[in-house]
Every structure is written in C-alpha cells, then in structure tokens.
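Please walk through the charged and aromatic contacts of the structure below, element by element.

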Amino acid sequence: MDGPLSQFYGTNHVPSDAELLEIEKLLAPHSARLLQLKKDLEEAESKVAKFKKEQEDILRVIKPLKSLSSLIRRFPREVMELIFMYSIPAIGLGKSPSSICHAPLVLLRVCKMWREIALTTPQLWTSVEPEIPVHLLHLSESGPDVKKQQREASFLEQFDQWLGRSETRPLSINVCRLPPSMGQLDGGTIVQGLASKLAIHSHRWESVDFDLSQWLANRFIDLPPESLPTLKHFRFCSHGFLIDFHDRPHFHGFLAAPNLKGLQLQVSYSSRGYSKLPVNWANLTCLSLDFSYTYRPNFSQDEWLQAPEVLRIMKQCQKLRILSLLLTPARRTLPELETRITLSNLEALNVSGCKLQIHYLLQSFNTPRIREIHYQPLLKPSRPDEAPPFNFASPLTSFLQRYGNQTEVLSVNLLSISRDDLHSWLECTPALKQLTLGPEFQFAPPPPMISVVPTDLENPFDDSCIGLLTPKRDQPYLCPNLRIFRSSIRARISGDTILTFLKARTDPSLVLEGGGIIEEVSIHKLPYDSPFGESTDAEDERLRLIREAGVRLSFKKPWYYQSNVGPPLLNGLKPGHVPGFGPEYGVDFKLF
C-alpha cells in the first residue's frame with residue numbers, strides 16, 4: 001500500500017525526527033482500531049465460550065433421550081440375532097471368530113443388551129476354530145509354574161464356555177495347521193485339553209476341516225463312526241500324515257460317517273488305494289480329491305491317484321453333483337477304455353493336473369446334466385518321454401463337443417489361448433453365461449504352480465479373439481447369453497476393439513433378442529500402451545454410458561506397468577478367494 005513514507009519500505013533508511021513524528025501520526029488511528037478489535041474479539045470469544053457451554057449442557061440432556069429413542073432399540077430380537085449372525089467372519093478371510101476384534105466376542109463389549117443377545121444366541125457359537133494364544137506358546141517349561149497352570153486352566157475354561165453357548169446346535173470345526181513346536185508344548189497338555197473338549201461334542205459335528213500335523217491328528221484318529229452321526233462335510237489335509245497304512249485306515253470314523261455328503265481329501269498318498277477307503281461313496285454329493293502336487297518320486301505308482309482309480313470311485317458316486325480332481329502325472333501307459341460311466345447328477349466339474357489323465361478321464365464318463373466346467377491342465381510334460389508340442393486344448397474340445405450344449409459356466413486356466421481353440425469352444429457352448437480365461441478369477445481349487453512354459457503357448461489373446469464374442473447386426477454370433485466375461489491371460493487388445501465389444505453387448509437392438517445385456521467385463525494383463533487399465537477408468541467418458549447401462553468393468557495392466565503397485569504374492573491368492581466382483585453363475589467348490 002502506497003503512503004507518505006512508502007518509498008522507504010524495505011530499505012536501510014534512518015528516519016529523521018520530523019519523519020518519526022509523521023510515523024506516530026500515521027500509527028495512531030491504526031493502534032486505536034487494533035485495541036478496539038482486541039476488545040471485540042475478547043467479547044466474542046466470551047460469547048462463543050458461553051454458547052459452547054450451553055451447547056454441551058443441551059447435548060448432555062438430549063443424548064440419553066436420543067439413545068433411548070434410537071431405531072436399533074426397537075429392532076425385534078430376531079432381527080438383531082440375524083444381524084449378529086451375518087457379522088460372523090467367513091472362513092478363509094484371515095479373520096478368526098475366536099478373536100476379540102471380531103464377532104461374536106466383540107459383540108459382548110458393546111452394551112448390556114447386545115451382550116445378553118449374543119450370549120443367548122447359540123448360532124453365534126457354532127463355528128469353532130481352536131487357536132492357542134501367543135502368551136501360552138512361550139511359557140517357561142522349567143519346573144511347575146502356578147501362574148502358567150492358571151493361565152492354561154483359564155483358557156480351557158473359556159473354550160469350554162464357547163462350546164456350551166452353542167447349546168445343542170450342529171458345530172463347524174476348523175482346525176488349522178499349527179506350528180510344529182506346539183505339539184511339544186508342556187507335553188501337549190493344552191492341545192490334549194482342547195481335543196478332549198471337542199471330542200465330547202463329536203455327536204454335534206456337522207462339518208470338520210482338519211489341516212493337521214501328525215501330533216494333533218492322533219487326538220482324533222480313532223473316533224468311531226457312531227460318534228459322528230451328524231457329520232455331513234469332512235476336509236482332511238495333511239501332507240506328512242497318511243490317510244491309511246496298510247490294513248489300518250486312519251480317521252475311519254470320519255470317512256465312514258453315516259451321513260457324510262461332502263468329502264475333500266488333500267493327502268500325500270494311500271497305501272491301499274483310494275477306492276478302498278471306508279467311505280460310503282454312494283451318499284456323496286460333493287467330492288474333491290487333491291493329491292498330485294505333493295506326490296514324491298519314491299512312492300509306488302499304485303500309491304498315486306491315477307485316472308483308473310478315480311473311475312473305480314466314480315462308479316459308486318451316483319448322487320455326485322460337484323467333483324474336483326487334481327491328478328498326478330501319468331508315469332505308465334493308461335489302460336484301454338472299456339465302457340463309459342454315467343454320472344447322471346453331476347453338474348459342476350473341475351479337472352486339473354496331468355493332461356493325459358484328464359483326457360482319459362473325460363472320455364470315460366457321461367455327464368448328461370453338466371453345466372459347469374473348470375479346466376486347468378499342468379503346463380509341463382506328463383511323461384519324461386513326451387515331447388513338444390503340447391496340445392492342452394484337445395481334451396476340453398472333445399468333451400465340449402459332447403456336452404457343451406448345456407454348459408453355462410466355462411473356466412479355462414491356461415497362460416494363453418489360440419483363436420482357433422477359443423472358437424471351437426464357443427461354438428460348442430451356445431448357452432454359455434460365464435466365461436473365465438486365465439488363472440486370476442478362478443474360484444475352483446487351483447492347480448500347482450506352473451513350472452514349464454511351452455513356447456507354443458505364447459500367442460497373446462488379441463482383437464480377433466474378442467471379436468468372436470462381439471455381436472454383429474443381422475448376423476448370428478457366438479454365446480448370445482453371455483453375462484460375465486473375465487480374462488487374465490496376456491492380452492493384446494486395442495481400446496477400439498474393447499469399446500466395440502462393450503457397445504455391441506449393451507446395444508438392446510443387438511442383444512435383447514439373443515439373450516440380454518452383459519453384466520460384467522474384467523480384462524486384466526492388458527498391454528502397457530492400452531488406453532484402459534488406469535485409475536482414471538472410472539472417469540473415462542467413453543465408458544460412462546457402459547457403466548450407466550449397469551455393466552461392471554475392471555481393466556488392469558500387469559503390475560510392472562502400474563504406478564505404485566508392488567509385485568503379486570508368489571503363492572498367489574488364498575484358496576477360495578475370487579478377485580472378481582458381483583454375483584456368480586457357478587457353484588461353490590469349497591465345502592466350508
């Protein structure tokens with residue numbers, strides 16, 4: 001601001017006496033105004049403090065009144081019970097129900113009413129996951145310790161209370177693999193206590209998920225079948241403990257449970273043959289056999305799971321609806337096919353492992369009701385004397401030529417897929433609703449880590465492949481009922497081709513007569529120069545109309561093309577985790 005002395009601002013000028021008097025005159029009105037503002041501010045602050053105090057007094061009065069009239073107080077108890085039940089964390093998400101940070105235990109710390117509802121709702125306590133606290137894992141083992149014994153007794157008492165709160169409801173037991181050192185903990189007293197308390201309630205076990213090491217397996221190895229009358233689902237995973245040993249089958253009671261409907265085995269091998277296990281195969285509706293990725297070369301060939309052994313089991317499984325198989329590499333010539341087995345109720349099939357065994361198996365049975373197929377061959381030679389090229393598509397192609405007409409869900413886990421193979425699959429599946437290509441969106445059990453990548457599988461998924469699924473006016477097109485398309489194989493698809501595909505699949509004049517607008521498109525591993533696959537996709541004007549039509553979109557590039565994104569985990573996703581979004585058309589292959 002210009003003034004009488006502004007020419008001296010920012011200089012080393014020393015004012016004279018006359019200039020000092022002039023400065024005092026200039027300061028006088030401003031100083032007076034400043035004092036007045038200070039008084040006004042003090043008065044205003046005093047009023048604000050008074051208003052705040054009054055506000056606090058009013059809030060203190062209305063807070064309990066609002067709490068008393070809150071909507072949640074008026075929820076019927078039945079509604080609160082349902083809300084509490086839906087708050088229980090799902091298995092496999094890294095959230096244990098036994099944690100005080102998650103339901104049901106966290107519900108006990110909200111208010112008296114919630115605590116009373118939670119403690120008297122048995123369904124909240126039917127999921128049991130024994131988990132020994134860290135402070136009990138490192139207690140001193142030198143001599144008797146009163147405090148240690150008190151802690152152990154308190155923990156076992158709390159576990160007993162958990163089981164008691166479930167009253168007479170069926171129980172879901174999930175015993176995960178624990179550190180090996182825990183088996184030696186105080187002679188295993190805590191583990192023995194947990195196992196004893198669980199065994200008391202074995203007549204209420206409805207589903208059991210055992211991921212065991214040998215020390216804990218011994219606690220349940222001899223339970224008789226009659227002690228498990230309500231057991232419907234059993235998963236046993238142990239790669240260091242045999243499911244049987246010559247004439248003594250381990251876990252006979254679980255395998256021979258009278259009402260067993262779902263069985264999932266993940267073990268190293270069987271010395272007697274899997275078809276000879278004491279399972280009532282005729283009762284099973286869901287079966288998963290997974291042996292190949294832990295097979296050892298020193299095992300006898302009879303101890304590996306081979307296609308002929310699977311067929312012997314399949315002959316007995318006439319009620320089977322869901323089947324998942326992971327087959328070991330074929331080390332011998334497979335026998336000639338005799339007669340085909342008919343699985344009249346089979347609806348969903350997941351086959352992975354040795355491509356020769358898969359091909360043999362798919363040729364060996366009829367599946368008149370099949371509607372869902374997951375195909376995941378191992379990308380490595382099945383036999384040492386087998387030379388390239390590797391034709392991984394042929395087993396699936398021949399199967400779809402027989403049963404593709406009713407297939408609604410098709411999932412193929414290969415590194416890349418040729419246009420010709422894709423065209424032959426799509427021609428065979430006119431009723432297809434969900435198509436998944438690549439490993440990322442698999443919700444069936446995954447195959448082992450791929451160890452060999454044949455050179456003839458390096459052709460990327462390109463514009464011509466996506467063109468097969470693009471409707472064209474006045475022309476028949478493939479898969480008119482397609483609702484979900486997911487791809488995570490290496491792709492070289494241009495932005496224009498993606499837009500053409502999306503616009504055609506959301507154009508009512510093109511798709512309504514055939515089957516309807518597509519619901520989800522997820523294309524990952526796009527090339528680095530793709531216009532899609534960035535955080536700005538949600539703001540892209542070209543995709544606005546597509547999203548407004550209700551289509552769920554997800555585009556991604558490989559992690560090394562994305563900014564501020566780290567490499568994926570080497571071990572992949574957790575079992576059962578599906579990074580896709582929205583509803584599925586397929587069944588859940590997990591028993592738990």
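Is Phe399 buried or exposed? Phe399 is buried, because its relative accessible area is 1%, where buried means under 20% relative accessible area, exposed over 50% and partly exposed in between (1.4 Å probe, protein chains only). This is a predicted model, in which local features need pLDDT of at least 70, side-chain atom pairs count only at pLDDT 80 or more, and totals for chains, interfaces and linings use all residues. Residues are numbered from 1 along each chain as its sequence is written, and side-chain values use heavy atoms, with hydrogens and water left out.

The whole structure holds 16 aromatic pairs. Phe399 and Tyr403 make a tilted one, with 5.3 Å from centre to centre and 50 degrees between the planes. Rings of Phe, Tyr and Trp (its six-membered ring) pair if their centres lie within 6.5 Å; planes under 30 degrees apart count as stacked, over 60 as edge-to-face and the rest as tilted. Both residues belong to helix α10 (residues 394-403), where Phe399 and Tyr403 are 4 residues apart, about one turn of the helix. Helices (H or I, at least four residues) and strands (E, at least two) are DSSP runs, numbered from the N terminus. Tyr403 is also buried, at a relative accessible area of 11%. Elsewhere, Trp205, Phe210, Phe220, Phe234, Phe236, Phe251 and Phe254 form one aromatic cluster.

Next come the salt bridges, each a side-chain nitrogen of Lys or Arg within 4 Å of a carboxyl oxygen of Asp or Glu. The count comes to 19 salt bridges. In helix α8, Glu309 and Arg312 are 3 residues apart and so separated by about one helical turn; their salt bridge has its closest N and O atoms 2.4 Å apart. Glu309 is buried at 8% relative accessible area, whereas Arg312 is partly exposed at 43%. Helix α8 (residues 307-314) also contains Ile313, which is buried at 0% relative accessibility. Arg369 is partly exposed at 45%, while Glu347 is buried at 15%.

In helix α15 (residues 544-548), Arg544 and Glu548 are 4 residues apart and meet in a salt bridge of 3.0 Å, N to O.
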